[in-house]
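Here's a quick briefing to read with the structure open beside you. Take it one topic at a time and look up each residue as you go.

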Number of protein chains: 2
Amino acid sequence: MKQSDMAIGAGSLRAVDRRPHEFLWRRLSGFAALSDQERSMVRQSCAAPGEVRAGVELYVEGEPLAKPGALLAGWACRLRMLSDGRRQIFDFLLPGDLFGHPLGAAPVATTSAVTLTPVSIAGTGCLWEMAREPDRFPGLACAWAVAQARQEACLLDHVVRLGRQTAYERIAHLLVELGHRLDEIGFPLGSFVPMPLTQEVMADALGLSVVHVNRTLQQLKRERLIETRAASVRLIEPRALAEIADFRPPRRLPVSG
Amino acid sequence: MKQSDMAIGAGSLRAVDRRPHEFLWRRLSGFAALSDQERSMVRQSCAAPGEVRAGVELYVEGEPLAKPGALLAGWACRLRMLSDGRRQIFDFLLPGDLFGHPLGAAPVATTSAVTLTPVSIAGTGCLWEMAREPDRFPGLACAWAVAQARQEACLLDHVVRLGRQTAYERIAHLLVELGHRLDEIGFPLGSFVPMPLTQEVMADALGLSVVHVNRTLQQLKRERLIETRAASVRLIEPRALAEIADFRPPRRLPVSG
DNA sequence: CGACATATTGATGGTAGTCAAACCTGGTGG
DNA sequence: CCACCAGGTTTGACTACCATCAATATGTCG
């Protein structure tokens, strides 16, 4: 499980290049039914994706949010640095996920976002405007709201992991969560799926040390619960893992709190 | 620092009874300038507050969100229970804070909310409708958005606490954060302010054991950084505490990420 | 006063952090 | 082709933070 420049990377998967809107479309239509018109707008937005290398900041905490966007391929994460260099990752952005959409009025980023692999991104300014007109574009507006609610829900799960779970549970929980999210965009749960996370990244997300992440992953492998390869993982026993992690599959439909 | 049925409690502070909208008004107007009309609407919403005793659920995870509201007096918290009885508190609701406002379409609560003291609450259905019409009620709409962004920001801070800070830092950080929030609604930073949290509640928020919270609080007292009394605390050295906690005061104005 | 919740204290152990070194692996360049 | 390097992974030894268990105060309320 190590960083690979090509996992779902930009410029490597032909399927992605030919249909750059693929993941975004799957994700949004998984949240709400979209009209043909909305679909074509989504496709248009993805027409000329931007390519960004790994390790690049998409936006920076404290600075005005430049442009809202969507990840078409590749992974990124939202994070914050402490003054002494410690790092905390809040969540991961997978293909099809939205980022950089202001919540309040004056858009100042409360986190930074950094690419973990090469990514390709679409600007979503236009879609975002549409999503604010529920009357004209009900499907898009709904999908947008659900996407946002989902991200919020993941953040809550993250708090629970950090606050009340052991290292073993945390890792299981994260793997299952990512497994389900990947499942939603077309990577079947239980098969080998892309997981371009270094152990250091997992450590910074889960509030653990790299060493401990390593040992705990080994334990999961020894117990035949997971299997790793290059930059990908297979959840051999998704149910057992979910049990260990006290994982609750996200509700089928919209959500808030 | 122990639970007290009357800290800012319902029916005890005359100032609150006479001007039930006081805290909500301070909070909202601290986020955005409100017109006279908006002000009077806020006051009207608070005209007949509901009274709820301590330890009562305002809403429950997984159930439809009944009515959006605002806390006029008293404290509550948002939390989630794990299947084995462990508990994780996500954040605290202080006087003037909003709760139960749906993000997505179908309003299902992603957390539960429980009162920590007796509270009085106002229904905000009407204000919420207004906040959705930025053209007619720009101030309210803005204040609403900022309030929401602020809550989100607190959640991010909470993740950092849980993921990357020691018990000592976590407690300092929480106290400073609450100190600042109380300051914003009229309890001066550096003076004795209400803090009706049991050590168990702090433990469940900070991912620590009760025993360890107790010992860490004692350390802070020994070092003359804080002082406690009944259900209140005084941050003797707010700057030193902020330093310890790597606390960043929230940005003056709107925010998002 | 007695029942109950909360706070405090002591003793003990385990989970996870730290430090340090070795080991891969893929990429670079002589 | 191979030496070299950087980033990532793995291993071992040691430590410490914090959880757990248990018992005792302290306080509050009926």
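In this predicted model, start with A:Arg161, which sits in helix H5 (residues 138-164) of chain A. Is A:Arg161 buried or exposed? A:Arg161 has a relative accessible area of 2%, and because buried means under 20%, this residue counts as buried.

**Who A:Arg161 meets**
- The side chains of A:Arg161 and A:His173 are joined by a polar contact of 2.9 Å.
- If you skip the neighbours within four places in sequence, A:Arg161 touches A:Arg170, A:His173, A:Leu174, A:Glu177 and A:Leu206.

**H5(A) and its packing with H2(A)**
- Two packed helices are described by the angle between their axes and the distance between the axes.
- Here, helix H2 (residues 22-31) of chain A packs against H5(A) at an angle of about 95°, and their axes are 8 Å apart.
- That angle makes H2(A) roughly perpendicular to H5(A).
- From H2(A), the residues in the contact are A:Arg27, A:Leu28 and A:Phe31.
- Facing them from H5(A) are A:Leu140, A:Ala143, A:Trp144, A:Val146, A:Ala147 and A:Arg150.
- Sort the residues of this contact by type and you get seven nonpolar, two charged and no polar.

**Over to chain B: helix H2**
- How many of the 10 residues of helix H2 (residues 22-31) of chain B are buried? The count is seven, so this helix is mostly covered, given that buried means under 20% relative accessible area.
- The buried residues of H2(B) are B:Glu22, B:Phe23, B:Leu24, B:Trp25, B:Arg27, B:Leu28 and B:Phe31.

**Another crossing in chain B**
- Helix H7 (residues 199-206) and helix H8 (residues 210-222) of chain B pack at about 105°, with their axes 8 Å apart.
- H7(B) and H8(B) are therefore roughly perpendicular to each other.
- On the H7(B) side, the contact uses B:Gln199, B:Glu200, B:Met202 and B:Ala203.
- H8(B) brings B:Val210, B:Val213, B:Asn214 and B:Leu217 to that contact.
- By type, the contact of H7(B) with H8(B) has five nonpolar residues, two polar and one charged.

**A sheet in chain A**
- Four strands of chain A make an open sheet with antiparallel pairing, in the order S1-S8-S3-S6.
- Strands S1 (50-52) and S6 (98-99) stand at the edges with a single partner strand each, so each has one side left without a neighbour in the sheet.
- Strand S3 (residues 69-73) of chain A runs antiparallel to S6(A), and two bridges join them.
- Which residue of S6(A) is the bridge partner of A:Ala70? Look for A:Leu98.

Notes: Residues numbered from 1 in each chain as written. Chains lettered and ligands numbered in written order. Predicted model: local features only at pLDDT ≥ 70, side-chain atom pairs only at ≥ 80, totals over all residues. Heavy atoms only, no water. Buried < 20%, exposed > 50% of the residue type's maximum accessible area, 1.4 Å probe, protein only. Polar contact = N/O pair within 3.5 Å; in protein donor to acceptor, adjacent residues only side chain to side chain. Contact = heavy atoms within 4.5 Å. Axes fitted to C-alpha atoms, helices over the stretch in contact; angles between N-to-C directions. Parallel < 35°, antiparallel > 145°, perpendicular 65-115°, else oblique. Nonpolar A, V, L, I, M, F, W, Y, C, P; charged D, E, K, R; others polar. Pairing = 2+ DSSP bridges.
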